[in-house]
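Subject: Structure handover

Dear colleague,

Please find the structure below, followed by notes on what was found in it.

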Amino acid sequence: MGGKKTAQTVAVIGLGKLGSPMAAAIAARGVSVIGVDLDPAKVDSINRGEPPVQETNLAAYIRRGRKHLRATGDIPAAVMDSDIVFIIVPTPSEPHGGFSLRHLLPACEEIGRALRKKKAFTTVVVTSTVMPGSTGGPIRECLEKRSGKTAGKGFGLCYSPEFIALGSVIHDFLNPDFILVGESDPDSGACLDAFYQKVCENRPHVARMNYVNAELSKLAVNTFITTKITYANMLAHICQQLPGADVDVVTEAIGRDTRIGGKYLKGATGYGGPCFPRDNLAMAALARRVGETAPLPEATDRENRTEARRLAALVRSKVKPGARVGVLGLAYKPDTDVIEESQGIMVAQALLEDGFEVLVYDPLAMESARVILGDQPVYCANAEACLRQADAVIIAVPWKEFGQLTDKALGRHRGRLVLVDAWRAASENLRKVTEYIPVGVAKTAGGNKRPA
Ligand SMILES: NC(=O)c1ccc[n+]([C@@H]2O[C@H](COP(=O)([O-])OP(=O)(O)OC[C@H]3O[C@@H](n4cnc5c(N)ncnc54)[C@H](O)[C@@H]3O)[C@@H](O)[C@H]2O)c1
């Protein structure tokens, strides 16, 4: 069986927000990649050497990997020519939690048909997020039926999700904390292990296991992190009301306890994006499916959905009805244009519902925001324009450029700007010249100020 040798060529099916940066990063590390997508625009874009999606350093990595990277719309042809086939197509959320396989199974049908004709051993890797039971269930069954071969013998089948954040996909993919592999057989797991050791920059630990443990581990990582974020947010709410308290002082201290750790422990806005919220709901749905309860992810999700309203309420308590309120940051995090489940968008919506005149600005997400917010807010050309026209501004996303704003940005502001800083990101200078309200820092005499 050819499963043990390191891959010479890999196929990446799905050239979206995760697939195209992965394809480019693999190619840049010297492994031949055949990218596949149903969308001809994405295929053409890769073949022209241009990024099909917005992602940090993607253009540079496509250039660097160009010799090893090509794209096609033809799944069977890509499968015939590759040793490992990664599937990174969408798995949309189901209404009550969990992920649909409606894009993934058609891709598997085509992969299976190609495997029927192919002599060389091929390892199929599901990278899309799926519910526990999917890889060993419908996905395996579909591939076996179409190929006439058995997973683990006639072809390899692994589940190997990625723990990347949009905006740093390439860095995260090349420098993972660990790699998760659910495997049909030891040879396929070893083949994938060798592939990651070759491609990653940090020789990561590869945790190898059966499918269902890997599927559960993926959800467990994300639900644990969201619980941690929500815990820090709870501390921020308490600190805000507790004289002398400052959430950053507390989280900085407790994060040094290695049992807790400092990452994702910052009381700020809620979490958002295409993975965290839905993985949480999926964990709750999984618990229900097996006749268990999962109050923790349910509570985390419930709490997280109160955060935008809390921020809007804080603004409401500081300005007159109908005032002009700016929202800085609409993407779900810095360095991306993705607005899915974005707290900045939710805050803007809450403020609009409250009857405020809302101004918005984001360095990358203005176009995507317009699709959701329509003509209701004023779209500012830059952060300065937002600050100058508003009575109050919320820093909803810690974009680096927001932390570099100074009093110059205010120009000839008509009054004293109320600055609600959910991330404590503003410069010292800007804090001094505004009515500065750091979220999670207790109100002391003279406003919400940090003690010197
Ligand atoms: N984006 C993230 O932050 C992230 C992080 C971890 C995991 N994931 C998972 O990765 C998967 C993909 O996410 P994404 O954000 O890259 O999605 P995306 O929507 O940005 O891209 C998916 C791509 O797959 C293509 N596609 C759909 N069906 C296809 C088919 N049958 N054959 C070939 N191409 C097909 C689409 O045209 C699209 O270009 C999802 O399961 C998601 O949960 C995403």
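**Sheets**

Six strands make up an open sheet with parallel pairing, in the order β11-β10-β9-β12-β13-β14. The edges are taken by β11 (378-379) and β14 (435-438), each with a single partner strand, so one side of each has no neighbour in the sheet. Strands here are DSSP runs of E with at least two residues, helices are runs of H or I with at least four residues, and both are numbered from the N terminus. Two strands count as paired if DSSP finds at least two bridges between them.

This is a predicted model, in which local features need pLDDT of at least 70 and side-chain atom pairs count only at pLDDT 80 or more, while totals for chains, interfaces and linings use all residues. Residues are numbered from 1 along each chain as its sequence is written, and side-chain values use heavy atoms, with hydrogens and water left out.

R324 has E357 in β10 as its bridge partner. Four of the five residues of β10 are buried, which leaves the strand mostly covered; buried is under 20% relative accessible area, exposed over 50% and partly exposed in between, with a 1.4 Å probe and protein chains only. Four bridges connect strand β12 (residues 392-395) and strand β13 (residues 418-421), again in the parallel sense. I395 is opposite D421 in β13.

An open sheet of eight strands, with mixed pairing, has the order β3-β2-β1-β4-β5-β6-β7-β8. Its edge strands, β3 (69-72) and β8 (205-209), each pair on one side only. From one strand to the next the twist averages 25 degrees. Strand β2 (residues 32-36) and β3 run parallel and are joined by four bridges. G35 has A71 in β3 as its bridge partner.

**Helices**

Helix α13 (residues 307-316) and helix α14 (residues 343-353) have axes that come within 8 Å and cross at roughly 50 degrees. Axes are lines fitted to C-alpha atoms, for helices over the stretch in contact, with angles from 0 to 180 degrees between N-to-C directions. α13 and α14 are therefore oblique to each other; angles under 35 degrees are roughly parallel, over 145 roughly antiparallel, 65 to 115 roughly perpendicular and the rest oblique. The crossing of α13 and α14 is right-handed, that is, the near helix is turned clockwise from the far one by less than a right angle.

**Aromatic rings**

Rings of Phe, Tyr and Trp (its six-membered ring) pair if their centres lie within 6.5 Å; planes under 30 degrees apart are stacked, over 60 edge-to-face and the rest tilted. The count by this rule is six aromatic pairs. Y271 and F276 are edge-to-face, because their ring centres are 6.1 Å apart and their planes stand at 90 degrees. Y271 is buried at a relative accessible area of 4%, and F276 is buried at 16%.

Y361 and F402 are also edge-to-face, because their ring centres are 6.3 Å apart and their planes stand at 65 degrees. This pair links distant parts of the chain, 41 residues apart: Y361 is in strand β10 (residues 357-361) and F402 in helix α17 (residues 400-403). Both Y361 and F402 are buried. One aromatic cluster is formed by F86, F195 and Y196.

Two arginines are listed with tyrosine rings. R64 lies over the face of Y61, 4.4 Å from the ring centre, and the charged end of R370 sits over the ring of Y379, 4.0 Å from its centre. A charge sits over a ring if NZ of Lys or CZ of Arg is within 6 Å of the ring centre and within 35 degrees of the ring normal.

Regards
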